[in-house]
Amino acid sequence: MTEQWTAVTGAEAHAVQVRDAIAPRRREGDRIIVGNWQDPDLLAGETYDTVLADYLLGAIDGFAPYFQHRLFARLLPLVGRRLYIVGLEPYVTVDPGTEESRIIREIGRFRDACLLLAGEQPYREYPAQWTVDHLEASGYRVVAAKRFANRYKQRFVNSQIDMCAPRLAKIADRDLARSLAAHGEALRDRALGRIEREGSLRHGFDYVLAAEPA
C-alpha cells in the first residue's frame with residue numbers, strides 16, 4: 001500500500017500514455033514527471049521509502065548516453081529504505097550456442113540495426129554482476145537477488161519486428177530498407193515456426209536486485 005508515488009520517464013509520449021491509462025485510479029498526490037536523470041534538479045530534496053528502477057538501466061542510453069555508471073549514485077539520495085533494480089541480462093552480444101537462443105539474438109541485433117539506421121539509440125542492457133558491482137561502488141549493499149528465466153513467445157517476436165517498420169520508412173536507401181524488411185520477415189517466420197513446435201524460445205533471464213543504502 002502507498003500514500004503517494006512519483007513516476008519518472010524520459011519520453012513525453014510515454015507519460016501521456018500512462019496518464020490516460022491510470023486516470024481513474026490516480027490520486028491527488030500521485031505524479032508523472034518527464035525528466036532526465038542527468039538533471040541535478042530532478043526530484044532534488046525528495047526521499048522515497050521505495051525506489052523502483054524498472055528496466056531503467058537498459059533504457060537510459062536513449063536519453064542520457066554514457067550515464068549508466070553514475071545512475072545509482074544519482075538515485076542514492078532518493079532512497080529512504082530500498083531500491084529495486086529490474087534488468088535484462090544482455091542477449092545481443094556473444095553467440096549463445098543454441099538455435100533458439102540464436103534466433104532471439106538475431107532478432108535483437110536486427111531491431112538494434114534498424115534503430116541505429118533510423119538515427120535512434122537502441123537499449124543497452126547490463127549484466128547482473130555489473131549492476132551489483134556498481135551498486136556496491138555507489139554506496140549500497142545488495143540484500144537480495146533473483147533471476148527469472150525468459151521464455152519468448154509470439155508477442156515478443158511480433159512486437160520486436162513490427163517496431164522496425166516505421167524506422168525502416170526513414171531510411172533514404174530504399175533498396176536497403178526493403179532488404180532489411182525482408183530479412184525481418186524471414187526472422188519472424190523462423191521464430192514463429194520454432195515457437196509453434198517448441199511452445200517458446202528459451203533464452204537468458206531477467207533479474208531483480210534489492211539494495212539498501214549502506
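A residue counts as partly exposed when its relative accessible area lies between the buried limit of under 20% and the exposed limit of over 50%. E99, with a relative accessible area of 32%, is therefore partly exposed. This structure is a predicted model.

**Overall build**

The protein contains 8 helices and 6 strands. Along the sequence they follow the pattern β-α-β-β-α-α-β-α-α-β-α-α-α-β. The C-alpha trace spans about 50 × 35 × 35 Å along its principal axes. Of the 214 residues, 39% count as buried. Among contacts between residues at least 6 apart in sequence, 79% join residues at least 24 apart. The protein exposes about 12300 Å², and carbon and sulfur atoms supply 51% of that area.

**Helix α6**

Helix α6 covers residues 154–162, and its buried residues are F156, V157, Q160 and I161. Seen down the axis of α6, these buried residues fall within an arc of 115 degrees, so they line one face of the helix. They pack against α4 (99–117), β5 (140–152), α7 (164–168) and α8 (174–198).

**Charges and salt bridges**

The protein carries 29 positive and 30 negative side chains, and the centres of the two sets lie 3 Å apart. The structure holds 15 salt bridges.

| Salt bridge | N to O distance |
|---|---|
| R190 and E99 | 2.8 Å |
| E120 and K170 | 3.2 Å |
| D175 and R178 | 2.6 Å |

The side chains of R190 and E99 meet in a salt bridge. R190 lies in helix α8 and E99 in helix α4, so this pair ties together parts that are 91 residues apart in sequence. R190 is partly exposed, with a relative accessible area of 33%.

A salt bridge also joins the side chains of E120 and K170. This pair links distant parts of the chain, 50 residues apart: E120 is in the loop between α4 and α5 (128–137), and K170 is in the loop between α7 and α8. E120 counts as partly exposed at 24% relative accessibility, whereas K170 is exposed, with a relative accessible area of 54%.

The salt bridge between D175 and R178 lies within helix α8, where the two residues are 3 residues apart and therefore separated by about one helical turn. D175 counts as exposed, at 55% relative accessibility.

Finally, R82, R141 and E212 are linked in a network of salt bridges.

Definitions and conventions:
Residues are numbered from 1 along each chain as its sequence is written. This is a predicted model: local features need pLDDT of at least 70, side-chain atom pairs count only at pLDDT 80 or more; totals for chains, interfaces and linings use all residues. Side-chain values use heavy atoms; hydrogens and water are left out. Buried means under 20% relative accessible area, exposed over 50%, partly exposed in between (1.4 Å probe, protein chains only). Helices (H or I, at least four residues) and strands (E, at least two) are DSSP runs, numbered from the N terminus. The arc is that of the directions from the helix axis to the C-beta atoms. Contact means heavy atoms within 4.5 Å. Accessible areas come from the Shrake-Rupley method with a 1.4 Å probe; for residues, only the protein chains shown count as cover. Lys and Arg count as positive and Asp and Glu as negative; His and the chain ends are not counted. The place of a charge is taken as NZ of Lys, CZ of Arg, CG of Asp or CD of Glu. A salt bridge is a side-chain nitrogen of Lys or Arg within 4 Å of a carboxyl oxygen of Asp or Glu.
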